[in-house]
Amino acid sequence: MTITTNDISPASGGQGVGQGAMASDAKLWDQTHVMTTYARQPVQLVRGEGCWLFDTEGKRYLDFLSGIAVCSVGHAHPYLTKAIAEQAATLIHASNLYLTEPQARLARRLMELSDFERVFFCNSGAEAIEAAIKLSRKYGRAVSESKVRIVTATNSFHGRTLAAVTATGQPKYHDPFAPLPPGFDYVPFNDLAALEAIVNDDTCAVLLEPIQGEGGVIPATQEYLTKARELCDRHKALLILDEVQTGVARTGRMWSYQHYGIVPDVMTLAKGLGGGVPIGACLARGVAAETLKPGDHGSTFAGNPLCTAAANAVLDILADECLTQNAATVGAYLKERLAPLGATRGMGLMIGLELDKSIAKKVVVEALALGLIINATGDTTLRIIPPLILTKELADEGVNLLTQAIASVAL
Ligand SMILES: *Cc1c(COP(=O)(O)O)cnc(C)c1O
């Protein structure tokens, strides 16, 4: 079907698509033509500035979500904006058939900041997981034909592509899409005995989130990650930490594995890395870094000059504004301020708040009405993942709004 502007936009007095459409037009187009995979909140956001978002009515919202841990340096950061604009005016894309400086520079900087040796760039968290899974399978099969099993945790989240969703240990995400790729074993998170029982010489990788994000902000225990590292060493399996949400300063360290004093073989990144521009990365060291060879894997868009220039700018801002430290100090402060509202979990600016009633979804709606954007990961859990530029003053403001929202819902 061909859609003309006349078909679409009678209500806006002849204004067509892309010509200053009304908010109501966008809502209709969205409801009519975008696949219904998301339960959207009833606001249309048009603009952001720092920790604030603005809707079509000009109403402002304090952002305690950062686009799901993506807008790490806040909205419309002038340095990031300039870097993106300048790169867009220079070279947006060249393909991976050619070398480009922003990609090489980003690779170098990620290595300097971490314990890894090589990176595969991609466009999302799920793709970073796909790369890690393919890498692990190739690594395992080079040792023995049966070394193909991948151990993941129940309640985990690793993305929506078929292999990433299979790695995700939540049956509700699996059932509609069977048959799934074989070779995955699931164990309860933070259960040392279960992990020890399942990992063996046929395991090619153990894949874990250091802090389960979508699962409700549940940190791995120190003993658990220590045990995972030991078991992987004993059975020559790769330890993959999925830092798509926890990475890039979110938890008050550059990478959350640094809290645990262990180093994985593979680490996946995405969300906060590009400050809002889609980019993912799969970092590896040792034999894992040398496993994928020409032709084994690839992506057209991956690591293009635009997204890598954005990620380079994000790394500049994190350093210049000491945002890793800020995530640690403001995160600790915010956690303390949230404590009267319920039990808190998490590290840095990745905080889960456990409410004593099943009202989390209602609180999200009420908070939105009051001007606070926040997210629920379950019936009783709120997830708080603000931009890393959050100040103590804004933390206070958010806690006040959240306190009001909870009070009015709990009435
Ligand atoms: C969000 C998330 C993913 C998936 O990332 P996408 O960019 O949505 O594909 C994978 N792992 C973790 C831990 C995540 O939080």
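These legends describe close-up views of a predicted model.

**View 1. Helix H12 packs against helix H14.**
H12 covers residues 323–338, and H14 covers residues 392–410. Their axes lie 10 Å apart and meet at an angle of about 25°. That angle is under the 35 degree limit, so H12 counts as roughly parallel to H14. The crossing of the pair is right-handed. H12 brings Val330, Tyr333, Leu334, Arg337 and Leu338 to the contact. H14 answers with Lys392, Ala395, Asp396, Val399, Asn400 and Leu402. By class, the residues of this contact split into 7 nonpolar, 1 polar and 3 charged.

**View 2. Helix H13 packs against helix H14.**
H13 runs over residues 360–370. The axes of H13 and H14 are 9 Å apart, at an angle of about 125°. H13 passes H14 in a right-handed crossing. On the H13 side, the contact residues are Lys362, Val363, Glu366, Ala367 and Leu370. On the H14 side, they are Leu401, Leu402, Gln404, Ala405, Ile406, Ser408 and Val409. This contact divides into 8 nonpolar, 2 polar and 2 charged residues.

**View 3. Leu334 sits in the largest nonpolar core.**
The core has 97 residues. Leu110, Leu318, Leu334, Leu382 and Leu402 have the most contacts inside it. Leu334 belongs to H12 and takes part in the contact with H14. Setting aside residues up to four places away in sequence, Leu334 touches Phe64, Leu349, Ile351, Ile384, Pro386, Leu390, Ala395 and Val399. A second core is separate and has 25 residues, among them Ala126, Ala132, Ala288 and Ala289. In soluble globular proteins, nonpolar side chains tend to be buried together.

**View 4. A cis peptide bond joins Ala178 and Pro179.**
Omega of this bond is about 0°. Pro179 lies in a loop. The loop links helix H8 (171–174) to strand E6 (184–187).

**View 5. Asn190 has a positive phi.**
Its phi is near 65°, and Asn190 is not a glycine. Asn190 belongs to the loop between E6 and helix H9 (192–198). Is this residue buried, partly exposed or exposed? Asn190 has a relative accessible area of 23%, so it is partly exposed.

**View 6. Cys322 also carries a positive phi without being a glycine.**
Phi of Cys322 is about 50°. Cys322 is located in the loop between helix H11 (305–320) and H12. The relative accessible area of Cys322 is 48%. Exposed begins over 50%, so Cys322 counts as partly exposed.

**View 7. Gln258 lies in the loop between strands E10 and E11.**
E10 spans 238–242, and E11 spans 266–269. Gln258 is partly exposed, at 28% relative accessibility. Which residues does Gln258 contact, leaving aside neighbours within four places in sequence? They are Leu113 and Arg253. Gln258 and Ser114 are 144 residues apart along the chain. Their C-alpha atoms are separated by 9.3 Å.

Conventions: Residues numbered from 1 in each chain as written. Predicted model: local features only at pLDDT ≥ 70, side-chain atom pairs only at ≥ 80, totals over all residues. Heavy atoms only, no water. Axes fitted to C-alpha atoms, helices over the stretch in contact; angles between N-to-C directions. Helix = DSSP H or I, 4+ residues; strand = E, 2+ residues; numbered from the N terminus. Parallel < 35°, antiparallel > 145°, perpendicular 65-115°, else oblique. Left-handed = near helix turned anticlockwise from the far one by under 90°. Contact = heavy atoms within 4.5 Å. Nonpolar A, V, L, I, M, F, W, Y, C, P; charged D, E, K, R; others polar. Core = buried A, V, L, I, M, F, W, Y, C linked by side-chain atoms within 4.5 Å. Buried < 20%, exposed > 50% of the residue type's maximum accessible area, 1.4 Å probe, protein only.
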